[in-house]
Amino acid sequence: SHVVTVLDGNKCVGGAVVVINRCNGTPGKLPLEKGDFSLKKAFPELHLETTPHAAFKTLFMRHEYADWTCSANLLRSITNICHFYNVGYLFAMAPKATARRNRIGAHRIGIEMEIRNDIELPYEERWNGFRRELIFIDAYKVYDGIANRRSSQIQESNEADSRKLLVDQV
């Protein structure tokens with residue numbers, strides 16, 4: 001497990017836990033897999049028995065910071081951890097409004113997040129009947145996007161250096 005925090009200066013305003021299934025032969029379920037619910041059964045095409053995958057859960061977010069920018073910064077940190085561990089897919093469960101806010105934040109930073117309301121999630125008493133939705137991120141697409149942005153930035157940087165050299169030579 002990894003704990004991710006959101007800071008405003010030196011004040012902690014939010015945080016999440018990321019749990020990774022590295023598929024290293026150790027049996028186990030992610031925290032969102034309760035009862036009979038299994039991500040492997042819900043997503044057989046992803047081959048989760050052999051593909052590292054993760055789930056994240058927001059521990060808290062101060063109310064005044066619960067907007068798309070904090071969600072986006074938190075998601076960026078989570079995907080960085082997943083990238084480090086070569087996680088292929090990222091999952092979460094959230095109430096409808098939270099899932100939609102997170103998707104807006106993800107979209108604004110270039111992360112494609114799907115809300116999979118076609119997948120029936122297990123009922124939990126603590127949610128008092130509120131319907132939660134499954135959030136799905138293909139992390140490999142995130143990494144490709146990061147690589148493409150870095151490549152583009154390097155190219156732009158090299159072009160800027162070339163122009164600078166030309167100006168310096170004149």
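Rings of Phe, Tyr and Trp (for Trp, its six-membered ring) pair if their centres lie within 6.5 Å; planes under 30 degrees apart count as stacked, over 60 as edge-to-face and the rest as tilted. Keep that in mind for the first stop.

Before you start clicking: this is a predicted model, where local features need pLDDT of at least 70 and side-chain atom pairs count only at pLDDT 80 or more, while totals for chains, interfaces and linings use all residues. Residues are numbered from 1 along each chain as its sequence is written, and side-chain values use heavy atoms, with hydrogens and water left out.

**Stop 1: the aromatic cluster.** Select Phe43, Tyr89, Phe91, Phe136 and Tyr140, which form one aromatic cluster. Searching the whole structure turns up 6 aromatic pairs. In the pair Phe43 and Phe136, the ring centres are 5.4 Å apart and the planes at 20°, so the pair is stacked. Phe43 sits in the loop between helix H1 (39-42) and strand S3 (53-61) and Phe136 in strand S6, so their pairing ties together parts 93 residues apart in sequence. Helices (H or I, at least four residues) and strands (E, at least two) are DSSP runs, numbered from the N terminus.

**Stop 2: strand S4.** Select residues 89-95. Of the 7 residues of S4, 6 are buried, so the strand is largely enclosed by the rest of the structure. Its antiparallel partner is strand S6 (residues 132-138), joined to S4 by 7 bridges; strands pair if DSSP finds at least two bridges between them. Look for Ala92, which stands opposite Ile135 in S6.

**Stop 3: the nonpolar cores.** A nonpolar core is a set of buried Ala, Val, Leu, Ile, Met, Phe, Trp, Tyr and Cys residues joined through side-chain atoms within 4.5 Å. Which residues touch the most other members of the largest core? Select Val18, Leu75, Ile78, Cys82 and Leu90, from a core of 31 residues. Helix H2 (residues 68-84) gives the most to this core, with 7 residues. Apart from this core lies another, of 17 residues, among them Leu32, Phe43, Leu48 and Leu134.

**Stop 4: Ala16.** Finish in strand S2 (residues 11-21), where Ala16 is found. Ala16 and Phe56 are 40 residues apart in sequence and 6.7 Å apart in space, C-alpha to C-alpha.

Note on methods
Buried means under 20% relative accessible area, exposed over 50%, partly exposed in between (1.4 Å probe, protein chains only).
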